[in-house]
Amino acid sequence: MKKLLLLFFVLCGYLLSLNGQQRTITGTVTGDEDGQPVIGATVIIKGTSVGTATDVNGKYQISAATGSVLEFRFVGMKTKEVVIGTSNVIDVTLEYELMGVDEVVVVGYGSAIKRTVSGSITKVDTKGLAETPTVSFESAIQGKSAGVFIEQASGKLGESVKMRIRGSSSVSADNQPLYVVDGVPITATNFSNANNQPTSPLADLAMSDVESIQVLKDASAAAIYGSRASNGVVIITTKKGKQGATKFNIDYTTGISEPSRLVKWLNAAQYLEIFNESMENVSDEDGYVWGWLPKEDIWDIFVPRWNEGYDTDWQKEAFQKGSLNRINVSATGGNERTTFYSGLSYDNTVGILRGNSMNKLSGRLNLDQKATDRLTFGLQMNLIRNQMDRVENDNAFATPLQLVAQAPVTPVYDPDTGELNTETIYYNGLISLRDAFNNQTVFRSLANAYVSYNILKDLSFRSEFGSDIMDLREKNFWGRLTIGAGPAGEAQNRSVRVVNYNWENYFTYSKTFNVHDVNMIAGMSYQESNTTGSNIEGKGFPTDDFNNIANAAEATAFSSWDEGHSYLSYFARGNYKLNQKYLFTLSGRIDGSSRFGVDNRYGFFPAASVGWIISEENFMTGIKNIVGYLKLRASYGITGNSGIPDYAHLALYSGENYAGRNALQPTQLQSRELGWENTAQTDIGLDFGFLRNRLTGEIDLYYKKTTDLLLYRTLPSTSGFTGVWSNVGELENKGLEFALRSNNMVGEFKWTTDFNISFNRNKVLSINGPEITPNGVNYVIEGQPIGVFKMRKYAGVDPANGDAIYYLNATSSETTNNYNLAQEIIVGSPNPDFTGGLNNSLEYKGLDLNVLISFVYGNKVFNGGGRYQSANADWFDNQTVDQMNRWQKPGDITDVPQARLGDGNGTNNSSRYLSDASYMRLRNINLGYNLPSGLVKKMTLTSMRIYIGVQNLYTLTNYKGWDPEVNYTGTGRSTQNTNIIQGYDFYTVPQARTYTLGLNLSF
């Protein structure tokens, strides 16, 4: 017994001495959302003042005894406590406290807690992004970010989406933001056929792979990207692997679509009534129309089968029931050395417009490998195939929506032959849907490989090489019965390859000295993009079945091209935090671009910002429960724009065939001094969090001034050239942004509201030349916003005689019925007064509901098709039903002139066809249910969610056309046209209303 007691006391003494023994504990602190190292996290022995901080790679080292409690802290993350056991290595994953002010945001070449950022950055909520029934991520985030105006051009699948961050900064150069995916600036320019409307290369991305989206808005945040940041920067980060057992996720969505809005057209009886009246109003005493043809002959000549009793809804023939089938399969996992994410996405979407569909397949692998304690490397790879069936542009008779111009008294099919009717007043576009095709296929590879090495505890080096390779193939065929392709059909084969690669090398230094936190980066970047293309066209095919261009009897056109550009850049940024409440950032970037003349090839783009976290001051202690967070920030910086054609500064020549001999023809004048377009921006912002951050938000005031505009100046035709690129002119944008997030209810029932609103005022200060207009409707005029509408101002109808009348000028109330006597004046702007969104998210037990409303106010839209659609029966196009309210007798008060066939009474371009296009749209509703965990576990699953949704359920607007969210910019690839032409509607397809049902499984 004594021996046992002796042994017991010896063992206790040993354990006590062991417990009190100090030993070295090491480990890595990472974030749970992205698996990235947490730099500057505090590691402290609880109950003592002994502590340390993690280095640039999230590593720490501390001496502590067994049984001690280590406390891990970082601003914006939940504090975690770990008891020291027998292991000398303790790796910790901290959870982010995503309460708006403490969310993690990705900045250029790094990430940070938003609380400590002194620039203006918005992190867009991507929850449910993969469930949204859109084909492009820009459409899925509409209304979710202050200062970001997103507008779909039409309801056609895959077509371009306009995104403007704090207004338009250029007239002729690119106004789209820079898109960066996993550190690689990707190709976002339209390369599709110039005879059709532009498409969006961003539609190739699979939304199921997206982890986060950040929008860099002010110069301090964006200037690190220098030369291409004048229009803001959108940073897209894809999902990464997480340590642990492999987890699988399957998400399937199916749905049906229909047009969100339809226009009311005349039926057969109304059509006959108004057009008979229209003929009578231009007939002589003997009943001859225009004095030489009887009414019945007019009907027979222009509207065959007008008296056979047909009543056709041609609008119905243009649309079809759309459908959506999308499946996303992903797997993620790894260990302490290797993590991975892999995803496969298939999306088959049939549009609401006949002949329009998209079929997309995407595969992704993201791999991160920790080779040693100092060396980490990884790879992000995405392979994409995107196939689209397209239709003709909106201004072509062959496009389906121009079917609405057909007379309702004519049939779709010829009753004698059973074939499509060819005796219509215009070409029957259904023939093109049957006998023609327009196929576009894109093969794309996005890749980024990186290596990161820990040189010292606080110093690391990272090298990244990224590429974006896009191969676009277009195959078009028009059968012999289609418009313009007789007598034996025509075909076109077109191919474009874009190879864009980017190589970046930079150092990161991060160090904490007591109350001083320093973070610095410095590096270089090289980007090069090369485009090659070819086009061949032929005609004369044996039959429409032999539609390969090799079967053409004659080659009618052939061409090829090579072009490219490159950037060489050097950049640096320094962040300094004092006492975790005084913030300073200074950055600079030197960019050289091959797009500019040798005299102005390089530009320098500096930026600076300061921030003061007022809530951390001692005098705020007493009101912490009310004002938990308050930060004042200010920034100023200069960014650049180089979004012009690749060889705009050079004198260009092209080879020509002149009478069978080779020749050279000059095509462009030299602009040797062409240089950077610069935008200087000042921003003052206030971030706040009230009531323990139950209510958070931010307010920003900004002023942007663009100088040395990259302007394409037109030249007299006698010069032999259409224009020349120059640095001429200035414009400005100034505005206010407000974003608010409210956690209305917390606990078992959660209710969160996000609201944002933005006001922007754009003004062209100078262009040092005549007014610019690409379409005779939208103008660039000094002292006015870009794209203003200039035309005759419509004054209505003279009650005495039914004539359309116009105001003589801008200052007079006097009117005239002579269109040529009225002056063209500014009658409105396509730029909205304000835009915004309201999002409500509710959760109760397993149920969740999300409702998103977006709104646009104060903008105008011009209906370019109005002079045909709503023309008081001026010609035989079917009319909108409001034309039945035409003037018929003296004393009638109406805004629809008297119907006079072929007389042009009020049908010229005027503000008659300009409408208020303000709208409020119930953009997205999604209701989901997570099955109880007990039931799910019985099915050997981790989770199961069922959801239903509807997009574009209802639109509140006074706009008379199909859709107020519209912008037909025409064909071609001119950035000047797409910048100036805004708010223009021409038989443009409305957005789709889509009903979805989905299932999400995790295991």
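**View 1. Helix H4 and what covers its buried residues.** Buried means under 20% relative accessible area, exposed over 50%, partly exposed in between (1.4 Å probe, protein chains only). The buried residues of H4 are Ala268, Tyr271, Ile274, Phe275, Glu277, Ser278 and Met279. Helices (H or I, at least four residues) and strands (E, at least two) are DSSP runs, numbered from the N terminus. This is a predicted model, in which local features need pLDDT of at least 70, side-chain atom pairs count only at pLDDT 80 or more, and totals for chains, interfaces and linings use all residues. Residues are numbered from 1 along each chain as its sequence is written, and side-chain values use heavy atoms, with hydrogens and water left out.

**View 2. Glutamate 138 in helix H2 (residues 137-140).** Glutamate 138 is buried but has no salt bridge (a side-chain nitrogen of Lys or Arg within 4 Å of a carboxyl oxygen of Asp or Glu). Lysine 360, the nearest side chain of opposite charge, is 8.9 Å away. Leaving out residues up to four places away in sequence, glutamate 138 touches Ile150, Val161, Met163, Tyr179, Ser200 and Leu202.

**View 3. The largest nonpolar core, with 35 residues.** Such a core is a set of buried Ala, Val, Leu, Ile, Met, Phe, Trp, Tyr and Cys residues joined through side-chain atoms within 4.5 Å. Phe319, Leu401, Phe789, Phe862, Trp962 and Tyr984 have the most contacts inside it. At least two residues of this core come from each of helix H6 (314-318), helix H7 (430-435), strand E41 (788-791) and strand E45 (825-828).

How values were computed
Lys, Arg positive; Asp, Glu negative; His and termini not counted. Contact = heavy atoms within 4.5 Å.
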